[in-house]
There are 2 protein chains.
Amino acid sequence: MGGAGEIKAVCLLSGGIDSSVATGIAKAAGYEIYALTFRYNQRHIRELESATKLARFFGVEEHKILNLDLGKIGGSALTSPIEVPEGKTVERIKSGGIPVTYVPARNTIFLSYGLAYAEVINANFIFIGANYVDCPGYPDCRPEYFGKFQEMANLATKRAVEGSPVKIKYPLIAMSKAEIIKKGHELGVPFELTWSCYKGGEKACGKCDSCILRLKGFEEAGYEDPLVYDK
Amino acid sequence: MGGAGEIKAVCLLSGGIDSSVATGIAKAAGYEIYALTFRYNQRHIRELESATKLARFFGVEEHKILNLDLGKIGGSALTSPIEVPEGKTVERIKSGGIPVTYVPARNTIFLSYGLAYAEVINANFIFIGANYVDCPGYPDCRPEYFGKFQEMANLATKRAVEGSPVKIKYPLIAMSKAEIIKKGHELGVPFELTWSCYKGGEKACGKCDSCILRLKGFEEAGYEDPLVYDK
């Protein structure tokens, strides 16, 4: 497929903007893309449709959708019935608290599956679209966390024992949403296929934290959001 | 419940000997036990029954059985149709290769869910029955791997950010199967409820790697295995 056809990358593709841009970066580097999407929340079913369309757009070698049984564990507005917050998003987020939409150990679980998948297909990289600039409250979105996950991964697998551990790539880590959107535009990422709303209705709600951050990002980037909003 | 009723431990309980003894150790320390079992392989369905009986025996506060979608990833004799090996178990294992029963990133995935569960119930510990003495071929059974997982976990969760990261306990890490069985006897672990066979028939096969190691362990420990074998 791509220019460096032998080099494989597992891309964690949720269907949102960040994971789409991270996948776009892997694609632009010429890697063969193996997309991995997690189904863990009824509300986010819309994201799965987006992930499927995006995987097709990026011409991935394979797209796996894994069911995660996170609902049984709960502990988050995204996996159990806690109210998804609306309003004062930016103030609330910048205040440094951990949002109720935080899903316990989510990135650790996602990357663990990524590690397993990378091991099986013999991939060199795992791409994750995490970033902490606009959303500093998530413990597992900090660069030092990913550094430690890498160190652990360097010991965890057969591939690592054999001398070539998979490398975790988090190219958006220090970018704001506006910068991510600009980067996506440069790369031709089809934002009309992405989905961000926490509510998963017919149209994006425009009111939840995720919609607010997305709209603010497009505004700051100077582009129009191609999604239709419910208002 | 126990003497130190406030202290909670998540115990990864597969239904095998090692996880049962690790759970027995947590129980003897007086912790409230929250058992976590993973369903990831049809062949091992017998282990789930054992895990359920053992959870009842240990009087756990809660027992969660999570479905892991590992079959879609494959890459192991335990998750996809590769032949489970028989014969020359000890020679093969001691030769240092990685067994076909190795499941890519298994302990990383297990511990990640343990981390999520510990975060939600506010547990102090996660107990895992891993050991490398009789089975040195698994990369994610080495003590240095668990050390690095701990360092990663120290950054991964809300609880960690708030100053009290969950502690990963792997008390069997340097014990042989015989030593683990002796320890279990001391603690009154009901070995008749455990299950080890990779094949998951009505009776244990007595021929797969797991049965061979179990039988050898009982012999070396000087106890009789209470299970009935198919021969």
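**Note on a predicted two-chain model**

1. In chain A, five strands form an open sheet in the order β3-β2-β1-β4-β5, with parallel pairing. Strands pair here if DSSP finds at least two bridges between them; helices (H or I, at least four residues) and strands (E, at least two) are DSSP runs, numbered from the N terminus. The edges are held by β3 (62-67) and β5 (167-169) of chain A, each with a single partner strand, so one side of each is left without a neighbour in the sheet. On average, neighbouring strands of this sheet are turned by 25° against each other, direction ignored. The axes behind such angles are lines fitted to C-alpha atoms, for helices over the stretch in contact, and angles run from 0 to 180 degrees between N-to-C directions.

2. The model is predicted: local features need pLDDT of at least 70, side-chain atom pairs count only at pLDDT 80 or more, and totals for chains, interfaces and linings use all residues. Residues are numbered from 1 along each chain as its sequence is written, and chains are lettered from A and ligands numbered from 1 in the order in which they are written.

3. Within the chain A sheet, β1(A) and β2 (residues 32-39) of chain A run parallel and are joined by five bridges; A9(A) has I33(A) as its bridge partner in β2(A). Six bridges connect β2(A) with β3(A), again in parallel, and L36(A) is partnered by K64(A) in β3(A).

4. Strand β1 (residues 8-12) of chain A is mostly covered, five of its five residues being buried. A residue is buried if 20 or more other C-beta atoms lie within 10 Å of its own, exposed if 12 or fewer, and partly exposed in between, with C-beta atoms placed from the backbone. K8(A), V10(A) and L12(A) point one way from β1(A), while A9(A) and C11(A) point the other way.

5. Chain B likewise has an open sheet of five strands, ordered β3-β2-β1-β4-β5 with parallel pairing. Its twist averages 25° from one strand to the next. Five bridges pair β1(B) and β2(B) in the parallel sense; in β2(B), L36(B) is the bridge partner of L12(B). Helix α1(B) packs on the sheet, touching β1, β2 and β4 of chain B, and its direction makes about 170° with that of β1(B).

6. Helix α1 (residues 17-28) of chain B has 12 residues and reaches 16 Å from its first C-alpha to its last, close to the 16 Å expected at 1.5 Å a residue; the expected span is 1.5 Å times one less than the number of residues. Of the 12 residues of α1(B), 11 are buried, so the helix is largely enclosed by the rest of the structure. The cover over these buried residues includes β1 (8-12), β2 (32-39), α2 (45-57), β4 (125-127), α7 (177-187) and α8 (209-221) of chain B. Just after α1(B), G30(B) takes a positive phi of about 90°.

7. At the interface, 36 residues of chain B are in contact with 36 residues of chain A, contact meaning that C-beta atoms, placed from the backbone, lie within 7 Å. On the chain B side, α4(B) gives the most, with nine residues. That side divides into 20 nonpolar, six polar and 10 charged residues. Ala, Val, Leu, Ile, Met, Phe, Trp, Tyr, Cys and Pro count as nonpolar, Asp, Glu, Lys and Arg as charged, and the others, Gly among them, as polar.

8. Chain B superposes on chain A by a rotation of 180° with 0.0 Å of shift along its axis (RMSD 0.0 Å). That is the relation of a two-fold axis.

Note on methods. Two residues are in contact if their C-beta atoms, placed from the backbone, lie within 7 Å. Copies are superposed by least squares on the C-alpha atoms of residues with pLDDT of at least 70 in both.
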